[in-house]
Structure formats: C-alpha cells, structure tokens
6 protein chains.
Amino acid sequence: MSERKTALVLSAHAADFVWRCGGAIALHAEMGYDVTIACMSFGERGESARLWKEGKTLDEVKAIRRGEAEAAAEALGAARLECFDLGDYPLELTRDDKSRLVDLIRQVQPSFMLSHSKYDPYNTDHMYMTQVALECRMIAQAWGHNPGEKVLGAPQLYLFEPHQTEQMGWKPDTFLDITPVWDKKRAAMECMNGQVHLWDYYTRVAQQRANHFKRNSGGMSGGRDCKFAEGFESVFPRTVDSL
Amino acid sequence: MSERKTALVLSAHAADFVWRCGGAIALHAEMGYDVTIACMSFGERGESARLWKEGKTLDEVKAIRRGEAEAAAEALGAARLECFDLGDYPLELTRDDKSRLVDLIRQVQPSFMLSHSKYDPYNTDHMYMTQVALECRMIAQAWGHNPGEKVLGAPQLYLFEPHQTEQMGWKPDTFLDITPVWDKKRAAMECMNGQVHLWDYYTRVAQQRANHFKRNSGGMSGGRDCKFAEGFESVFPRTVDSL
Amino acid sequence: MSERKTALVLSAHAADFVWRCGGAIALHAEMGYDVTIACMSFGERGESARLWKEGKTLDEVKAIRRGEAEAAAEALGAARLECFDLGDYPLELTRDDKSRLVDLIRQVQPSFMLSHSKYDPYNTDHMYMTQVALECRMIAQAWGHNPGEKVLGAPQLYLFEPHQTEQMGWKPDTFLDITPVWDKKRAAMECMNGQVHLWDYYTRVAQQRANHFKRNSGGMSGGRDCKFAEGFESVFPRTVDSL
Amino acid sequence: MSERKTALVLSAHAADFVWRCGGAIALHAEMGYDVTIACMSFGERGESARLWKEGKTLDEVKAIRRGEAEAAAEALGAARLECFDLGDYPLELTRDDKSRLVDLIRQVQPSFMLSHSKYDPYNTDHMYMTQVALECRMIAQAWGHNPGEKVLGAPQLYLFEPHQTEQMGWKPDTFLDITPVWDKKRAAMECMNGQVHLWDYYTRVAQQRANHFKRNSGGMSGGRDCKFAEGFESVFPRTVDSL
Amino acid sequence: MSERKTALVLSAHAADFVWRCGGAIALHAEMGYDVTIACMSFGERGESARLWKEGKTLDEVKAIRRGEAEAAAEALGAARLECFDLGDYPLELTRDDKSRLVDLIRQVQPSFMLSHSKYDPYNTDHMYMTQVALECRMIAQAWGHNPGEKVLGAPQLYLFEPHQTEQMGWKPDTFLDITPVWDKKRAAMECMNGQVHLWDYYTRVAQQRANHFKRNSGGMSGGRDCKFAEGFESVFPRTVDSL
Amino acid sequence: MSERKTALVLSAHAADFVWRCGGAIALHAEMGYDVTIACMSFGERGESARLWKEGKTLDEVKAIRRGEAEAAAEALGAARLECFDLGDYPLELTRDDKSRLVDLIRQVQPSFMLSHSKYDPYNTDHMYMTQVALECRMIAQAWGHNPGEKVLGAPQLYLFEPHQTEQMGWKPDTFLDITPVWDKKRAAMECMNGQVHLWDYYTRVAQQRANHFKRNSGGMSGGRDCKFAEGFESVFPRTVDSL
C-alpha cells in the first residue's frame, strides 16, 4: 500500500472532474497526493452533443471521450483514471457496480473524497452520483463487508461546484486557491474538445471564486492575492485542534 | 499593538462564554492567543434566578455575577474581560453602545470571533447578539468609520453551541478537541454558583461532542481519541491552500 | 388570582384574532378557560379600507373597529379584550409598550399563547408581532424583571394561520376541531363589517382544514367526522407522558 | 384481533430500537400497548465491528446479534420482535420484502409508528428505512391492496433520535418522559455487548433530553421533574380537541 | 409534426390531472395548445376506495377509472390521454417504462410540463413521479439518446397543487386565472364518481387561489377580478425580456 | 401623474444599483419606463475605501460618490435619482425617513420594485434595506396612511444579485436578457472610479448569467442567443393568463 496521501474523485461523467475540481486535483498532485479519478460514464449520451451532430457512433463517441478524459487526467497529474463505463442519461449502478466502487474506495483509502452537489434538477445523474457516494462510503466503513480488508476511516466528502449553483442549493464553505496550478487546469479543460464553450465559462468561474477567496481571507481591507480558486461544500464537520 | 494572535468572544450574558466556548478560550490562551471576552450584560435579570430567590438586590446580583465572570475568565486564562453592563432581558444596544463594540473589535483585531446562534426562540437576547456581531463586524471593516484607524480584516465568526441545538437550527461544522484544557473549563463552570445544575449538563455536552469528534475524525473504525470537545458553526467560508 | 385555566392571544390588528383563531378562543372559553385577547392596534390604517373610502376620520375608524372587535370578542366568549392602541402600518412597540405586554402576560399566566406566523412579506406588522411575543415571553420568565412578581412558566406559542400560508413558510402541525363552536366563530366574523369579503374566505379555510383534520385522524379509510377546523404551528416542543 | 392498543417500530438494524426508542417501547408496554419491533437486519455487517475483530463468521455474528436483540426486546417488554433478516450496508427491500412489511403493518394496525430520521449522510440505511416506512404506510392504506383486508388508518410516524442530530436535520417536537422505565432501557442497552461504548453515550442523551423536557414543561421557573427522556420528530400534524 | 403549441401533464394517478391542473389544461386547449395527459396508473389500488367497497374486481376498477379519466380529459379539451397502466401504490417505472415516457416527451415537444410536488410523505407515488419527470426530461435532452430524433429543449416544469400544501413544502409562485374555463374544470371533476367528496373541496381551492390571484395582482387596493384560479410552483428560472 | 410605466430601485448604497440591476434599468428605460432610483446613502463610509486612503474628507467622499451615482444614472437613462443621504455602515431609517420613502413609492406608483437579497451576513445594510422595502411597500398600500392619496397596488419586489450569492441564500428565478443595453451598463459601471476592480467582476457576472439564460431558454440543445444577462429573485407570486 502506498505511503503517500490519497484523494478520490467520483465523477458521473467524463468531464465533470475537469471543470469542477481540476484545480484541486492538480494542486494535491503537486503536493504529493496520489489522486484517483473514478468516472462512472463518459458522458457519451448526454454531454457529447457536438460529436453526435457530427454523426459519430456510440463507440466512437465513447472512445473520443475516453481519450479526452485520459489526456485531461494526465494534464492534471492524477495518479489514476478509472473508467467504470456504466452509461449515462441515466446513470445507474447495480449492486455489483457499487461493490466495485466500494473496492476502489478501500484500495485508495482516500484522505478526502470529491463528488457532485446533493441536488440537481437539471441533471439527475449528478445527484444520483452523490447519493451513491454516501452509500458506498458507508459500506466501505463496515467491518463485515469483505471481512479482513482494511476498512475506510471517515474521509470528508467535498461537493464540487455544479452549474447554476443557486438552483442546486449548493453553498460553498471552502475556497481553495488554485492559482499555482491554473495552467494545468486550463490545459485539462482544453482537452475537452466537444465543450469548447465551457473553457471560458469555467475560467470565469475560477476568477469569480478568486474574488470570493480574497473577500473571505481579508475582506474589504484586501485579502491575500488569489487569481483563480475553486469552491467546495463539505458534507461532514471538521475536527480540529485550533479554530 | 500586541504581536500576539487574538480572538474575541461576544457573549450576551456573563455566563454564556463559559458554557459555550470556555474550552476554546482556554485552548487558544494556552496556544498564546490573547483572548478578549466581551459580556454585554451580567445576565442579572434573566439568568440569576437563584440569587433573586435569595432576595438579593439588582446591584448585589450584578456584583456577584461580575465576580463569577471574572473568576471564570481568569480560570480560562483569558487576556481580558470587558463588561459592557447594558442590561438583559432584553439586551439592547444603542448606536453608542455599538460604536463602543466596534472600537473594541478594532482594538483587538481578532483572528476569529465567537458568538451565539442565529436563531433562538427561547432567548431573543442571544439572536440579537449575533445580529449585532455581524453589524459591528461590518462597521469595523469600513474605511470611512473613524478614518485613520486600522480597519478590520475578515475574521471568521464562529457560532458557539446554544441550549437545545435543534430548536435553534444550529448545525456544527467544526469540532474542537478541548481535552487538554478540560480541567480549566470545568473549573470555570464551577465559578458560576447560581447555575450549579448546568455544570454536569455541559460536562455531558463536552463528552457527547467528543464522541462526534471521534466519529468524524475516524468513523466507526475508531478515530483519534478525544474525551471532551466543543462544536461550532461557521458563518463564513474558509479559504485554504489544501483540502 | 383565578383558579381557571387561561390562554392569551396576541393580535397585531383588531380583526386577526377573529379570522385566525376565533374557533380556538370560543372552544376553550366553552371548556372553562379565561381567554384574554390583546390587540396591539385596531388595524385602523391598514385593514379598514372600506371605512376610509367612506370618508371616515381616524378617530371614527378606530372607534368603529374597536366596537367590532368588542362585539367579536363577546361573540367568542373571551374573558377579556385588551386594546393597546399602538397604531399600525407600521406597528411599533417602545420599551414601555413591551413592559405593558409583559405585565399582561404575567397577569394572565397563560397555559398557551397564540400569535402570528414567523414570516410575512406582505404584512411586516404580523412578523413583528411574533418577534415581540417571543421577546416578551422571555422577559416574563425572568426572575429579575420586577422581582417578587410571579414569573411565567413555559407556555406553548402557537402560530395561527396567516393569509397565503405557503408564502409565509407557515406549516401547521396541529389541527383543532372547532365544529362545536363554529356558529360562534361565524357570528364573530360577521361583526367585522369592513371585511365582508373575508367571511366566506375564512369559512372555506375552516372547511379545508376540517378535511385535513379527517385525513390526519383517519386517513383515506375515513377519519372522525369534522366540519370546521383551525390549524396551528407550534414554536416549542411538547412534553408528554405517552405518544 | 387484539383489543389492546398497538405500536410498531421500524428499525434498520437490530440495535437501533434500543438506543433510539427503548424508553418509548417500555413505557407503552407498561401502559398496556402491544409493541411490535420490526428489525430489517441484524446490523451484522455495519454495526458489529467488535465481533468481526474477534474473527466471528457472518452466521455467528447474525446469531449473536439476534440473541442480543431478543434479550433487549424482552427487557423492554415488547410484545413481538420480527426479524426480517434482509442484510445491511446496504439495506435493500425488494417489492416482496415491502409486501411483507405492509402485511405486518396491517396485522399490527398501529396507533403510531416509529422510525429513523429523514436524512442521514453517515448511514444511508437509516434514511432508506424511513423512505420505505412512508411507502409501506401508504400501501397499507390502499383499499385495492389485497382487497378484503382491513386497511390502515393514519397513524403518526415519529422519527426517533439519530446520532449527531444536527447533521441529520432532525428536530424533535415531542419529548417523552421515560423516567419510570429507565431501568428497563438501561437493561436493554446492556444486552448489546458489541457496543458497550454506547451505553453511557445514550444514558447521557436521556439525561440531556430530560433537561429539555423540564425546560419546555416549565421553563426557567422550574418544570416538572424528569430524569430521563427521549425526543421524537413527528412527520404528520396532530388532530386535537384542545390546545 | 404539429405546428401547434403543446403541453404535457405527468399524472401519477388517473384523477390527479383533474383536481390539480384541470383549469390549466382547459385554458391552454382553448388557446390552441395540444395538451397531452400522461397517466402512469389509474389510481386503481390507492384512490378508488368506493369501488373496492362495492366489491369490484381489479379489472373493473381499472376500466371504470379509465372511463372517468377519458371523460374528464374530453371535458377539458385535451388533445390526447395516454394511459401507461403501470400500477399504483406503489408506482414503479422500469427502464423500459421510462424510455416510453421519454419517447412521449420527445413526440410532444412540450412548451411546458406539469407534474406533482417534490415532496409528499402521504403519497410517495407523487414525489416519485416528479423525480421520474426530471430524469426523463434530462434523457429527452440528450443528443446521444436515440440519435437522430429531435431532442427536447428546456421546457419549464410546473408543480401543480398537492393536497395539504404546507406538509409538502410546496410554494406556489404562479397563479393562473382559470375563470373562463371553470365550467369545464367542474364538469371534469364531476366525471370522477368515486371521489365526490373532492368536488367541493377543489372548488374551494380554486376560490381561495382566486383570492390570492387578486391579492397579488392588485393587493388590498383591489386587483383584477378573478373567481377561480390554480397555483403552480416552477422548478426552473424563467428567461424574460422585461420584468 | 405620468401615463408612462414606472419602476423603482431601492439601493442601500450609491453603487449597488449599477452592479446589480443597471441592465434592468437601462432596458426598461429604453422600453419607455420612467425608472426612479432611490439611494439611501452614498456608501461613503463602507464602500469608498480608495477615497479614504487618498485622504478625502467625509464631505468630499460624499460629493464624489454623488457625482458618480448621477453620472451612472444618466448613463442608464434613469428618469430620476433620489439621494436620501442617510448614512451607511450602518444604514438606519427613522420613522420620518420611512415616511419619506413611502411618499416616494406612492409618487412613483411602480409597476415593479427592485432591492437587495433577504439575507447578507457580510453587509447588514443590504438586508436591512430589503426589510425596509417590505415595510414601506405595506404602508404605501394602507388606505389610512395619509388618506386621500393614491394607495399602492401590489407590485412585484425583485431582489437583485448580491455578491457571493450562495452565502446569501439568494436564488434567481428570473433571468433578464440585457444584451441590447450592455454598453450602457458597462458605461455606468465605469463611472464608479473607486471600485475599478468590480468592472470586470460584474462583466463576468453578466456573461455567466447569459449562459444561464441560454440554458433555461433552450437547454443543451441550444437556447436563444444571449451575451449578457441579470438574475432576479421574486418575493411574490406572479399572476398570469397563460403558463
């Protein structure tokens, strides 16, 4: 087992991890974390409109999306990209699929996990993913599930930023400065050729979150400089030795 | 101005700071913080039933409560106890009272602040205190309020634990291990002779929160040991360099 | 001091107590309660459109509304109607006004209290009344407020039905069968000559709540019969000896 | 069919009914209720860490947990313990399992039901159980489900106390005095040998809830004495003849 | 494909569309919309108590309910009634059933959709229907679902009025004047012979909502006249060219 | 009295109306509305950091901010800018100040009003402004307030976009396309010389909201083009003749 710190990203579709937490991945990779990205699907049906308009087949779409996801994961410095290839729109996990995910969680033994917002009326795959994340986190903690394996501790589950945050009831409680790795996140975004319109959109998101970072680090008197940031909502309380 | 780190507690009544964040005060004092406690009132009318039953006068009640608060603050190692003596049930701050509080906030320049829950149908003084805390924090940040003074940055405002948490809509997101200073908190509680029934009550609160600390630090697989803890709800997001 | 059970209604405007809890008043009066109704204002400015259209003066409007309120209170069998005459739109209580209300609460020593919903964007007097109710309830409980007087216990505060319930975030948890006293409530409503359009409106409210009463007493299999009911939201938990 | 009053507890895992509503069971049993406890699983995988650490097999764990649950049910004076043995972590009910539960509900015809909180990010079995409770309650009310059987009325569904209440959004609206049966609850808890660390934890919960009982029965002026209590959240409104 | 505007109603049980949005259906039909009503079930088990009491068989109940639904749909001027006949109490859709619903959504290409409230502890079929509506709306938007078909745009999903609105957390943001088509809605309601007690109930609902319509169109100064109205909650934001 | 349609903006500080609803002002002005902007203060103390750092006096700061606000209002084509000059940090309105605001509301007789979010822990002036807006809207509707004047109807109150939307619990339900007047909004923003860092920030806000506009007008299949938009939350329900 690795001595290195680890983190685990659960992404419903192949590109979610890029837009929503690419900075966190790159930053922790630079800090020496082994970051594992688990994509449940390639977003082949629901998030590949351009490829379908070009007349690609399902297999072609999946292959292209897989390639983009691999390139993005590499650009971010992720240790591992695990494609579950379960289909999307809708995403559905059987009990076996969930067991496979539990196995992965136990293998990784993440210090923290990342997934989608709790609610998303536009995209039910997203909220389903989070529900599965909670269920599989619980199973991975059970001493009686595959007895003898190392059980999971109690890693934080951070919910990364959804599209149209206010409609999802998503409220960030943590802003992460990703300025040092911004180039990597932008490079990873540029791997996603089917969603070019989102490159600038999520660049602006990072700029706005940097403003919020500064507001909360120093207020109107001027906080620490920050050019790009990402926001996260924590599911569980933190345990600390000082405030 | 002190080079030491600082914190500021805003307490509606003289004893609130003891039950609700005595551990945080003692712990940060041990870590070298100058902790200032501002009590808006002595809780003389509303939280001194035993003294009134004994036939004490208002001045006597206030003097006794002041003495207890001073003893408790000393037991906790607080740097300063500031009694505003504004009366309670109801607590009301005039614009001048608020200016005095703003002056104190600017003097202290706290790294973080502590106050009551946002809502409390049993005790409207508590929620009023938090409303005032937000207002005065804002004024202290204004460059045009007493121009030339050092303005406040953007310190976190932690909301400490109210009585009957669920009725107040208070949700802790931070558990602080206060085991190393438990004896000081217990000693401070024992300074409050008019509320003996709360000594054991808040000892049990600290034990339950220690259980929650362990659950969230390590889950069912067994977290780090912790015998006493306090819980806090953050008003503002955190800004971090790693998750 | 009376040996009889007591209840206290806090009504922002003269007619609120009729529409919103007239049934509860009449029912408990029949059960032997002394019910005191405290009207902060006559609703003279904001809820007397017809009288103003007729060209009445302020004094005339107030006199007419007072007369209607007295007639309604009598029709309901209330023990006492206390008109504070503080003005409306907006309603504002000075510290002295609040002290007067605290005095009344202590005199009455109510088994339960009734007031408005917590939120009302259409009518800020209503939500202000509830805020004052909580504040004065707290003061009435304080041993140090007018020491020597009998302090208040911990009566439930029921929030009666506002207009457009969903906009107020009001959720009833208690349905009271007022069928036995319906005639009295209707008679009281018919005392309010300036708001004739509300007679049928609140008759329908009572019929709908009776349907809800039946749904929750017996479900689709058919609950106990009920023709008229009122709904209430409780602010505080109940303490019971059986579920 | 029994002439006695009845109640039904729906417990995801074998021990939940002990910690969370053991007092309610014992109290109503003493009052002459036939209380039926339905355990969906033994909590064999997720809540038996000690037994797994001792190297027990699945069958052994289940047998031991069953034995403990039976002993606890007997200590509480429950009329019946029904073990569905459906597995845990995750708990899943097929349509047949749900039909079996509906049959039980109809057999019991409970005056009230008890189950878990609506939300629980730590333990998805718990919130799943409540979702199933609502679904099966609805089916049991349907005249067209197994026509000819006696349909269910509209029993209250009380949600018992989860671990870390604030994280679950659980808000108690009812406190039940369990002082008269405290010895039975403690005895039942002591049947659960695998979770010794919870005996004192839930003893303290009962003491804290007793404090809340007193606060709400009599306020700061001193309510009725109560040494141990349990809290519950009601899903449905109550129907009453007096407030 | 039709050049006419279209709307789509998703109704868990055969009668829901009548009580909850019969006015909207009739009004838009008169305006030239082709309104399609999709009933997932006939409400045969759970909402046909009278027929079961009369000793009807399942097939008879379904046939009668189908007949009533067809008559009601005709009375309202709906273009099409699609009965999925999937059973109720509980309603469950397989992946194939959902595909069928997606096909229908794509065929209709609705300008707006109508379905149940998000939450309903009394009737889990209702909230399940809304969850399915969101899922199928998402699938219908996916370019990779049955490539070549016309994908769905972004129609509003309006949630129609549930029974006991406050218990469902349903908050109407849109009131529709249905006065011009009231006779049609009443006629449609009178097609539902098994639920006669609801005819007057939902007539009163329409009258109360008319009062709310007036309050919000003109306030206390007297809004536009309206005798019958329906209320709706929007899931998605509106896009407008003026406020 | 004007025959033209009217709108009224209530802005706590001089610049709020520019960032938060400048597009709505310019757009409706172009459509022929007389838009009145009421600024309660110049934001002289709290939102003019640069000027204070330059050593300006209070009078100078106010004069400069007034000039900027006037220039911005003109750039937007507003019919009138009313500066109440009440001070900021904190903003407080006396009863006379509120009467003045009520007078203005009645003069304008707005078709709709615009103000701040309901909650803002960073800036209590903002939420206070909205509370006052609701109170004064209510008073303006009262027939008995300055009898003889034309009373207010029931205009919508739109809440414009705050900074850090998720922290304020602000959820937009209406997106307004401001592309046609974007140049005017940008020009108005560039009048605010003390807050240059916000020019690009709010340009990006408008671009992100345009993306949301498209998502909700046409979804992933591509909505109507829109380059700049503003978002609003409605306080009151709409009354409509079609969905």
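Guide: Helices are DSSP runs of H or I at least four residues long, strands are E runs of at least two, and both are numbered from the N terminus. F:Asn211 is found in one of these runs, helix H8 (residues 197-218) of chain F. Bear in mind that this is a predicted model: local features need pLDDT of at least 70 and side-chain atom pairs count only at pLDDT 80 or more, while totals for chains, interfaces and linings use all residues. As for bookkeeping, residues are numbered from 1 along each chain as its sequence is written, chains are lettered from A and ligands numbered from 1 in the order in which they are written, and side-chain values use heavy atoms, leaving out hydrogens and water.

Visitor: Why does F:Asn211 count as buried?

Guide: Buried means under 20% relative accessible area, exposed means over 50%, and partly exposed lies in between (1.4 Å probe, protein chains only). F:Asn211 comes in at 13%, so buried it is.

Visitor: Which residues does F:Asn211 touch, leaving out those up to four places away in sequence?

Guide: A:His163 and A:Tyr201. To count as a contact, heavy atoms must be within 4.5 Å.

Visitor: How many residues does the contact take from chain A and from chain F?

Guide: Chain A puts in 24 residues, and chain F puts in 24 residues. Together the two chains bury about 2300 Å², with 42% of it on carbon and sulfur atoms. On the chain A side, A:Glu166, A:Arg204 and A:Gln208 account for 27% of the area buried against chain F, more than any other three residues. Buried area, by the way, is the accessible area (1.4 Å probe) that two parts lose on being put together, summed over both.

Visitor: What makes F:Arg209 and A:Glu166 a salt bridge?

Guide: The rule asks for a side-chain nitrogen of Lys or Arg within 4 Å of a carboxyl oxygen of Asp or Glu. For F:Arg209 and A:Glu166 the closest N and O atoms are 2.6 Å apart, and the pair passes. The count between chain A and chain F is two salt bridges. There are also 18 residue pairs in polar contact between these chains, both partners at pLDDT 80 or more. That term covers N or O atoms within 3.5 Å; within protein, one must be able to donate a hydrogen and the other to accept it, and residues adjacent in sequence count only if both atoms are side-chain atoms.

Visitor: How do you know that chain A and chain F meet through the same surface?

Guide: Because 100% of the interface residues of chain A turn up as interface residues in chain F too. Chain A can also be laid on chain F by a turn of 180 degrees with a shift of 0.0 Å along the axis, at an RMSD of 0.0 Å.

Visitor: Why are chain B and chain A said to be related as by a two-fold rotation axis?

Guide: Copies are superposed by least squares on the C-alpha atoms of residues with pLDDT of at least 70 in both. Here a rotation of 180 degrees, with 0.0 Å of shift along its axis, puts chain B on chain A at RMSD 0.0 Å. The two copies are therefore related as by a two-fold rotation axis. Within chain B, B:Asp173 has the C-alpha that comes closest to that axis, at 4.8 Å.

Visitor: How much area is buried between chain B and chain A?

Guide: About 3100 Å², and carbon and sulfur atoms give 56% of it. B:Arg238, B:Thr239 and B:Leu243 lose the most area in chain B, together 26% of what that side buries. The contact joins 38 residues of chain B with 38 residues of chain A.

Visitor: Why is D:Ser234 called buried?

Guide: Its relative accessible area is 15%, so D:Ser234 falls on the buried side of the cut-off. D:Ser234 is in strand E7 (residues 229-234) of chain D. Beyond residues up to four places away in sequence, D:Ser234 touches D:Gln156, D:Leu157, D:Tyr158, D:Asp173 and D:Thr174.

Visitor: What separates chain A from chain C?

Guide: Their closest C-alpha atoms lie 17 Å apart, and no contact joins the two chains. Chain B and chain E do not touch either, with nearest C-alpha atoms 18 Å apart.
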